[in-house]
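Hi,

Here is the structure I said I would pass on. Have a look at it first, and my notes follow below.

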Amino acid sequence: MNDQINTIEAAQYFNKLYEEQLTWTGATRKRLYRKMNLFHMKQILEVGSGTGAVLREIQTINPRATVVGIDWNLIALKYSKGASDNPSFIHGKGELLPFAANSFDITVCHYFLMWVKKPLTILEEMKRVTREGGWIACLAEPDYGGRLDYPASELWSELFQGSLSAPDPFIGRKLRSLFFQVGLKAEVGLQSTVLSPDIVKGLYGLEMEKFNHFIPENNSKITLLQEILDSYESEEYFSFMPVFYGLARNVKEGTIKSIE
Ligand SMILES: C[S@@+](CC[C@H](N)C(=O)[O-])C[C@H]1O[C@@H](n2cnc3c(N)ncnc32)[C@H](O)[C@@H]1O
């Protein structure tokens, strides 16, 4: 995904996709924002901020906060800087955040850990830069192992395996363990909703486009899957991806009683 944003047109395309994805899970995210008291926090960071879709939402909800995004993709950064003056966007790596310890009240990421090689190092960094009593939140991480589709076909997982360049498409189930390993007690829950047939139709269209673009050598399998889809009415389509969140309060070891 990192390399997929390699032109400003690609950034525009992915920004549209990211903004649309946000609308599917808005209710759960707002509940998490309320839990973290995001509306009243002053310093908020997103690691892997991409085209800035999540941070623009956060800045709108809390216009007085200093909201910062960091990403290593220069084109995504250029897009996000062009889209708004606030939040501010910085070039850098999640593995080595260029901030002093205890700089932020809330540090979030969103569809990020599945794309990194060292999720633990990044979570450690997110914890380091968050003040004591602040919040660390992985707002959405999928797990492709739990994906359900109708029409059902083995071809879905075969084609996903070939086309996904993410280091860990099964990160969702590991969130609790990752938080535990950095000394945090996480609340883990589900972000996903059951998508309407219209949205699934659009999603399938995008996914077939991606298969054609990234694994053209699988042309015969892609055509076969398209034929299966075409043999159903789109009103019958069903697709469910378990997307999880994990969030924890940054409390000193030994003082964790409850995250409520
Ligand atoms: C799938 S995008 C998600 C963007 C954004 N969080 C959203 O949901 O709209 C993942 C982003 O993480 C960035 N990224 C991946 N690995 C990174 C790393 N190690 N350090 C900083 N950014 C990274 C990519 O450049 C990409 O913009």
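Of the 20 residues around the ligand, the ones that come nearest are Tyr18, Gly48, Gly50, Asn73 and Gly94. Do keep in mind that this is a predicted model.

Next, the sheet. It is open and has 7 strands with mixed pairing, in the order β3-β2-β1-β4-β5-β9-β7. At the edges sit β3 (88-91) and β7 (187-190), each pairing on one side only. Neighbouring strands are turned against each other by 20° on average, ignoring direction. Helix α4 (residues 74-83) packs on this sheet and touches β2 (66-71) and β3, with its direction at about 165° to that of β3. Helix α5 (residues 119-129) packs on the sheet too, touching β1 (43-47), β4 and β5, and its direction makes about 145° with that of β5.

Strands β4 (residues 104-109) and β5 (residues 130-142) run parallel and are joined by 5 bridges. Phenylalanine 104, for one, has threonine 130 in β5 as its bridge partner.

Then there is the helix pair. The axes of α1 (residues 8-24) and α4 come within 9 Å and cross at roughly 65°, so α1 is roughly perpendicular to α4. Their crossing is right-handed. Ile8, Ala11, Gln12 and Asn15 of α1 make the contact with Ile75, Ala76, Lys78 and Tyr79 of α4. By class, that is 5 nonpolar, 2 polar and 1 charged residues.

Cheers

How values were computed. Residues are numbered from 1 along each chain as its sequence is written. This is a predicted model: local features need pLDDT of at least 70, side-chain atom pairs count only at pLDDT 80 or more; totals for chains, interfaces and linings use all residues. A residue is near a molecule or strand if its C-beta atom, placed from the backbone, lies within 6 Å of it. Two strands pair if DSSP finds at least two bridges between them. Helices (H or I, at least four residues) and strands (E, at least two) are DSSP runs, numbered from the N terminus. Axes are lines fitted to C-alpha atoms, for helices over the stretch in contact, and angles run from 0 to 180 degrees between N-to-C directions. Two residues are in contact if their C-beta atoms, placed from the backbone, lie within 7 Å. Angles under 35 degrees count as roughly parallel, over 145 as roughly antiparallel, 65 to 115 as roughly perpendicular and the rest as oblique. A crossing is left-handed if the near helix is turned anticlockwise from the far one by less than a right angle, and right-handed if clockwise. Ala, Val, Leu, Ile, Met, Phe, Trp, Tyr, Cys and Pro count as nonpolar, Asp, Glu, Lys and Arg as charged, and the others, Gly among them, as polar.
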